Every structure is written in structure tokens, then in C-alpha cells.
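Q: Could you take me through this model step by step, setting each term against its definition?

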Amino acid sequence: MHSPESESSAANAGGEPTGIDPDGFRQAMARMPTAVTVVTALGAEGPTGLTANAVASLSLEPPLMLACLDRGSRTLRAVQQAGRFGVNVLAADQAEVARSFGTKLEMHEKWEGIGWRERDGIPALDGAPVWVACELQDVLAGGDHVIVTGAVLEVATGDGDPLVFYGGSYMGLGEAP
Ligand SMILES: Cc1cc2nc3c(=O)[nH]c(=O)nc-3n(C[C@H](O)[C@H](O)[C@H](O)COP(=O)(O)O)c2cc1C
């Protein structure tokens, strides 16, 4: 049986419990390497996008994706307007794109100098090694975020290693300290 202690401590990590304050939680999750994506949608005012690492494949049959989007994000609003979203997995040489799309810059500034084209009614970034186009299916509650699920409309892959986010830094595969 679980004791309350074992629920809140990192019993299998061999280290000290980190507590569950937002900073400790963020720091612990920073030790989980992830791919880096830009989730995009064509909103009423043009292309929108945000950097997101809380993205995953959800189901194979039928093919579904999920992305966790901040309730206050402009991109979520555009996803809901468009009824579609795209997942652009960034390449190892696209750390600057990740930095820019991870900010609250004016949306048109995020897109300055970015190569993209409309694909499946969604902005697709040049140079992204993986493209997944989705039709919005569900918007599920998830604390200060929502989980959007999408039916996969199209998948395309190209060359290039993915960008990895680990320990608060961007790196390529094999560059981890
Ligand atoms: C590495 C990294 C990963 C992020 N992952 C997510 C994420 O999964 N979901 C999310 O909503 N915001 C995430 N963010 C924050 C958003 O990119 C950022 O807050 C964005 O400016 C908000 O969206 P908006 O510009 O559409 O308003 C991440 C930021 C960084 C730098």
C-alpha cells in the first residue's frame, strides 16, 4: 500500500524529494529530455505559433496527436478558430526559432524572417524534419493548460536531426553533457 510519504517523495530516483512547488517541478521536468516543436495555426490575423515540448503522439488507430497549450496563449485561440493545428518538429539548427516562438513577442514579429508555407490550411515551417497536420478534435482541461487532441491529416518527414531541450538548454542529439 502507498504511504503518503512515498507519494510525495522521489522513492526510485535515489535523491532528495524536490517538493512540488512550481520551480522544483519545472527543474525536475527539465531533466527529462524532449524534442522541441512549434505548434502552429492560421488565426484570423494570420499565422500563429508557439514553442511546445508537451506534445506527443496519442493513438495509432486512429492516428491522433496531442499538444498541451497554455490557456492564455494566442496560439490556442488560433487553433480553436481554425479548427486545425500543425506540429513542426524543429531541427538541431533551429534553436533560434525555438527561442523566438517561446516568447510573447508580437505575433507578426515571431514570423519575421521565418520561411513557411500554408499546408493543409496550417502554417508549416521550412526546415522542420517532421510535419504533422491535425484537425482539432477535443480540448480537455489540464490545469493552467488544455490538452488539444487532433486527428492526423498529413505526416511528412525530411532530413535533419531534431533539436533537443534538456536542462534548460537547446542541443542536438549526442551533445548532452
Ligand atoms: C522549450 C519550451 C517549451 C515550451 N513548451 C510549451 C508547451 O508545451 N505548451 C505551451 O503552451 N507553452 C510552452 N512553452 C511556452 C510558450 O512557447 C510561450 O509561452 C508562448 O509565447 C505562448 O504562446 P503565444 O505566443 O501563442 O501566446 C514552451 C516554451 C519553451 C521555451
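Q: Which strand gives the most residues to the shell around the ligand?

A: The strand is β3, with four residues, where strands (E, at least two residues) and helices (H or I, at least four) are DSSP runs numbered from the N terminus. This is a predicted model, in which local features need pLDDT of at least 70, side-chain atom pairs count only at pLDDT 80 or more, and totals for chains, interfaces and linings use all residues. Residues are numbered from 1 along each chain as its sequence is written.

Q: What makes a residue count as near the ligand, and which are the closest?

A: A residue is near a molecule if its C-beta atom, placed from the backbone, lies within 6 Å of it. In this model 19 residues surround the ligand, and the closest are Ala52, Ala54, Ser73, Thr75 and Gly102.

Q: Why is Arg71 called partly exposed?

A: A residue is buried if 20 or more other C-beta atoms lie within 10 Å of its own, exposed if 12 or fewer, and partly exposed in between, with C-beta atoms placed from the backbone. Arg71 has 13 C-beta neighbours inside 10 Å, so Arg71 counts as partly exposed. This residue, Arg71, is found in the loop between β5 and α3.

Q: Why is Asp120 called partly exposed, and what is its phi?

A: Asp120 has 16 C-beta neighbours inside 10 Å, and therefore counts as partly exposed. Its phi is near 55 degrees, a positive value in a residue other than glycine, whereas most residues other than glycine have a negative phi. Asp120 lies in the loop between β7 (116-119) and β8 (122-125).

Q: Which residues of helix α3 are buried, and how do you know that they line one face?

A: In α3 (residues 74-82) the buried residues are Thr75, Leu76, Ala78, Val79 and Ala82. Seen down the axis of α3, these residues fall within an arc of 160 degrees, so they line one face of the helix; the arc is that of the directions from the helix axis to the C-beta atoms.

Q: What do the buried residues of α3 pack against?

A: They pack against β2 (37-43), β3 (46-52), β5 (64-70), β6 (84-89), β9 (130-142) and β10 (145-157), where two residues are in contact if their C-beta atoms, placed from the backbone, lie within 7 Å.

Q: Where is the cis peptide bond?

A: The cis bond joins Glu61 and Pro62, with omega about 5 degrees, and Pro62 sits in the loop between β4 (55-59) and β5.
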